Amino acid sequence: MLAQSLSRSFTRLAGLALALTVAHPAALMAADMSCNRLLEPGQKMICSGFEPNWALEITCNGETASNFIDAFSGDGIQTTPGSISFASQDPWQLETSHPVTGSIAYTPNGCTDESDRVSDFTFTPSGAPGLSEPFFPFCCRVE
């Protein structure tokens with residue numbers, strides 16, 4: 001009787017462990033897929049340029065969106081919401097509706113900004129509204 005009870009308990013635990021193991025990667029993959037395996041839901045990435053000052057903010061709230069933050073024209077900082085699409089992942093080739101184009105590369109501890117903050121992502125722009133070449137890479141931080 002004790003052996004049979006232990007056997008049922010073990011079978012139930014094994015089934016539960018299998019269900020959690022199978023469901024967990026699927027849930028992670030679904031979360032990763034929602035924001036191009038770049039951000040998790042609720043996160044945002046800020047890629048801040050300088051000289052001139054502008055930034056690209058990428059948000060993940062079920063899907064990716066972007067904001068172009070312009071601090072180089074006029075008296076104040078302007079934030080323009082927009083869409084973003086990715087042509088590839090790691091590096092993430094992107095284009096926004098603003099239009100900002102370029103790529104984000106995963107560079108673990110490989111990008112240091114002007115305030116000596118170290119980041120894991122580097123953005124290399126190839127186009128940005130109102131700016132002309134040359135474009136220089138800059139760091140992206142995840143919040």
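Colleague: How many disulfides does the count come to?
Modeller: This is a predicted model. The cut-off is a sulfur-sulfur distance within 2.5 Å. By this rule the count is three.

Colleague: Which residue forms a disulfide with Cys35?
Modeller: The two sulfur atoms are 1.8 Å apart. Cys35 sits in the loop between α1 and β1 and its partner in β2, so the bond ties together parts 25 residues apart in sequence. Both cysteines are buried. The partner is Cys60.

Colleague: Is the disulfide of Cys35 and Cys60 right-handed or left-handed?
Modeller: Look at the torsion about the S-S bond, about 90 degrees. With that value, the disulfide is right-handed.

Colleague: Which cysteine is joined to Cys47?
Modeller: Cys47 lies in strand β1 and its partner in strand β9, so the pair ties together parts 93 residues apart in sequence. The S to S distance is 2.0 Å. The partner is Cys140.

Colleague: Is the disulfide of Cys111 and Cys139 right-handed or left-handed?
Modeller: The sulfur atoms of Cys111 and Cys139 are 2.0 Å apart. This pair links β7 to β9, 28 residues apart. The S-S torsion is about -95 degrees, so the disulfide is left-handed.

Colleague: What is the pairing when the bonded cysteines are numbered in sequence order?
Modeller: Cys35 bonds Cys60, Cys47 bonds Cys140, and Cys111 bonds Cys139. Numbered along the chain, the pairing is 1-3, 2-6, 4-5.

Colleague: Now the strands. In what sense do β2 and β3 pair?
Modeller: The two strands form a hairpin with three residues between them. Gly62 in that turn has a positive phi of about 90 degrees. Ala55 stands opposite Ile69 in β3. Over seven bridges, the sense is antiparallel.

Colleague: Why is β3 largely enclosed by the rest of the structure?
Modeller: β3 also pairs with β4, over five bridges. There, Ser66 has Gly82 as its bridge partner. β3 is largely enclosed because, of its seven residues, the number buried is five.

Technical notes: Residues are numbered from 1 along each chain as its sequence is written. This is a predicted model: local features need pLDDT of at least 70, side-chain atom pairs count only at pLDDT 80 or more; totals for chains, interfaces and linings use all residues. Side-chain values use heavy atoms; hydrogens and water are left out. Buried means under 20% relative accessible area, exposed over 50%, partly exposed in between (1.4 Å probe, protein chains only). Helices (H or I, at least four residues) and strands (E, at least two) are DSSP runs, numbered from the N terminus. Two strands pair if DSSP finds at least two bridges between them.
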